[in-house]
Amino acid sequence: MESFEEYVTDKRIIECVCRKRTAEATKRHEAHHNHAISSDSEVPEAKHIVYKITPPRREWIQLGERGRYAPSARGVKQSISTADRTYRSCLWTIERDRNEGADKPYLRELNGFINEVKTRIQDPNYAISTPKTIPVFKKKKKEGPDEYKPICLFSSLYDSVIIILANRYLSKLFDRYFYEDSLAFRPKRLFHGRETTTFHHEAIQLVTDYLGRVKNRRIYVAECDMQKFYDTVDHDIVRFEYCRLLGMVREANPGVSFDAISRVFHSYLDCYTFTDNVWRKNKDFKYWKHYNIPFGKGAFGWVKDYQKRADSPRARMPKVGVPQGGALSGLIANIVINRVDEKMVRKLKPSNDLYIRYCDDMLLLSTNRKRCGQLFRLYSKEIKRAKLVPHAPMAVEFGTPKYWDTKTKSVYQWVNDDLSAGSRWIGFVGYEISRDGAVRIRKSSIKKEKRKQRRVVNDIFKLTYRKHRVNDDSLEYSYRGTLMSMAVGRATLWNYTTLKNEFCWVNGFRMLNDNPYVKTQVRDLDRCRNHVIHKSNAKLERLLSDVGGSIAKEGAGKKKNKHENDEDTEESRVKHYGLPFSYYFHYAKKLKK
C-alpha cells in the first residue's frame, strides 16, 4: 500500500486538471449557445487558472476515429460523449508535449501547479479554503419562502484537485470494509461475483433476484430516508468512524504513513459547517440579491431541532454538515453509516432477508413480519446513535398518493392484489417494482422530466425577453435540439437503429422490463415533449422582442414555399421528432436486446 504522497503522481494531477478544463469548456459552450440565440448574451473571458496550465484549444490533438469512438464488439461505431472527447483531446495533447520535451508556456505553468499541489499535501499547515455556497431551487412552498438547497463550489483549483485525489485514495483504502450492498459512491469493485461500478440499477437487480429466490412466500417491507442528510452529519461521528476505519487499515499496512491524508480529510471537515456557511445566509440580504432571488422569497431548509438550536444564543450548537457537491462528501456518507450496516449484517439471514442501502435511502425486505420489524427497529436505533435524523414513520395509506409521499414506512406487506393488506408497488431509487416483478419508472421521476422539458424551453425564451434575437430559426433550432438531446442523446436519422445509446434518458432506467405500465409512462413523455414543441412554435409566431423585433440574418426571415423540397436541410432533420428522437423507441429497442 502506498502513502497519499506517493499516490499523488503527475499523471493523476494532470487527469484532474483535464477534467476541470472539460467542465470549463462545457460552460463556455453553453455561453456560446446562448449568444447564438440572443446577441445580448455575452461569452465570458477565459480567466480561470485552468486555461493557463492547459494547451490552447487550437493546439489540441485531432482525435480521429480512434479517439472519437468507443470500441464495440459488434464492429458498430459508438461515439463517446462530447465531454469525454474534450477530456481525451486535452489529455493526449499534454502527454504529447511532455513526452517531446516541448518548451511551452502552459507546460511551465502546469509543472509549477503540479509541484504546488504536492507541496501543499506535505505541508502540515495546509488548510482547504471555505467553499462558495450556491442556492439551487428545490421546491415551491405553499406557505413561506421557496426552499433552496446549498451546492458548494471549491473556487481554488488546488483544493479541488487535492479533494478529488483524497476521495479516490480513501475510497481505495476503506472500500473493502464497507457493506457489499451499500451501492452509492463506491469505486469499481467485485460485486456479487462480477467486477463493476454499482449504481441504483444494481439495487433493483438485487430486489428482482430476491423475488426469484423467495418465489411465492410472503414478503414484508420497511423503508427509511433521512431528513437533510448532508446538512446534519455530525463531525464528531465522522472523525470517530474515520479513525476506527483507519486503524484497521494501519493494522493491515504496517509502516505506511497516513498523516498527510488525515490532514486533508480533517481540513475538509473543518472548512464547512451548515450553521456558519448556510443557515446564517437566510438573513443575509446581499447574498440573495447576488443570485437575483428576492429577499424573503427563498430560504435554505433544515431540521427543526437544529433550527431552534442554531437560532438560540444559549444553545450549544454541534458542528454538523458536509459540503454538497464536494468529492469527499459521498465517501463521508458511507463512513458514517458503515457502523449501522455492520450491526444490520450481523442480524440478517441471507436466505430470507435483503437489506439495501443507497447513500441515506434504505430498503429492507424479509419473509417474516416479526423479523422485519426487529431489523427495522435496530436500523432506526443505530441511525439515531449516529446522530442522524430519519423521517418519522407514518401510517401508510395504501393505493393513495400519500403512500408515495411517505418517506419512512414501517413494516407492511408486499402483495399482489389485496391492497387492504399492503401495497402492490414499492419504490426505491427512481424505480417502482410490483410484487409480480414488473419494473416501471417512479412517478416523481416522470414528473421531474416533464417539468424539465418545460423549464429548458422557458429558459431559452427568457434569453430573448427584452433582448435582441439573432433570428427566429436559431431560437427554434435551439429548443428543438435541446429537447431531442434530453430524450435520446446523440441519436441521429442515420445511426438510431444501430447506436448503443449510452446518453438517452431511458438508459438511466436500464432495469425496466416489458410491461404495460412503463409503456404508458414513456409514451406520455413523448406526448408531453411534442406538446411543449407545438406550444413553443405557436409562442414563437406571436413573439416580438421589446427592443425592435427579431434581428434576422440575411435570408433568415424568408418563408419557404410549401412545395419546396427541404428534405435535406439541417432544419428538417431537427424538426423530425419521430422514431429516432422518441423516448418510446429507445425503450423498445432496449427490450429487444
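1. Helices and strands here are DSSP runs, numbered from the N terminus: helices are H or I with at least four residues, and strands are E with at least two. This is a predicted model, in which local features need pLDDT of at least 70 and side-chain atom pairs count only at pLDDT 80 or more, while totals for chains, interfaces and linings use all residues. Residues are numbered from 1 along each chain as its sequence is written, and side-chain values use heavy atoms, with hydrogens and water left out.

2. H192 sits in the loop between β5 (189-191) and β6 (194-196). Its phi is positive, about 50 degrees, although H192 is not a glycine. H192 counts as partly exposed because its relative accessibility is 47%; the classes are buried under 20% relative accessible area, exposed over 50%, and partly exposed in between, with a 1.4 Å probe and protein chains only.

3. K215 is another non-glycine residue with a positive phi, near 55 degrees. The residue lies in the loop between α7 (200-214) and β7 (219-224). With a relative accessible area of 58%, K215 is exposed.

4. How many salt bridges does a search of the whole structure find? The search gives 37, where a salt bridge is a side-chain nitrogen of Lys or Arg within 4 Å of a carboxyl oxygen of Asp or Glu. Side chains of opposite charge can pair when their charged atoms come close. There is also a network of salt bridges that links E59, R96, D97 and K104.

5. E147 and K141 form a salt bridge through their side chains, at 3.7 Å from N to O. E147 counts as buried, at 6% relative accessibility. K141 is partly exposed, with a relative accessible area of 35%.

6. A salt bridge also joins the side chains of E241 and R339, with an N to O distance of 3.8 Å. This pair links distant parts of the chain: E241 is in helix α9 (residues 235-252) and R339 in helix α14 (residues 327-347), 98 residues apart. E241 is buried, at 5% relative accessibility, and R339 is partly exposed, with a relative accessible area of 25%.

7. R424 and D436 meet in a salt bridge of 3.4 Å, N to O. The two residues are 12 apart and link distant parts of the chain, with R424 in the loop between β12 (422-423) and β13 (425-428) and D436 in the loop between β14 (431-434) and β15 (439-441). R424 is partly exposed, its relative accessible area being 24%.

8. Which residues form the positive surface patch? They are K149, K443, K447, K448, R451, K452, R454, R455, K535, K539 and R542. Patches are made of residues with over 30% relative accessible area and no salt bridge, with like charges joined within 9 Å and nonpolar side chains (Val, Leu, Ile, Met, Phe, Trp, Tyr) within 5 Å. Lys and Arg count as positive and Asp and Glu as negative, while His and the chain ends are not counted.

9. At least two residues of the positive patch come from each of α17 (443-462) and α19 (516-542). The most are given by α17, with 7 residues. K443 is in helix α17 and is partly exposed, at 41% relative accessibility.

10. The count of disulfides is 0, a disulfide being a pair of cysteine sulfur atoms within 2.5 Å.

11. Q78 is located in strand β2 (residues 78-79). With a relative accessible area of 9%, Q78 is buried. The C-alpha atoms of Q78 and N495 are separated by 9.5 Å, though the two residues are 417 apart along the chain.

12. L328 belongs to helix α14. Its relative accessible area is 0%, so L328 is buried.

Methods:
Accessible areas come from the Shrake-Rupley method with a 1.4 Å probe; for residues, only the protein chains shown count as cover. The place of a charge is taken as NZ of Lys, CZ of Arg, CG of Asp or CD of Glu.
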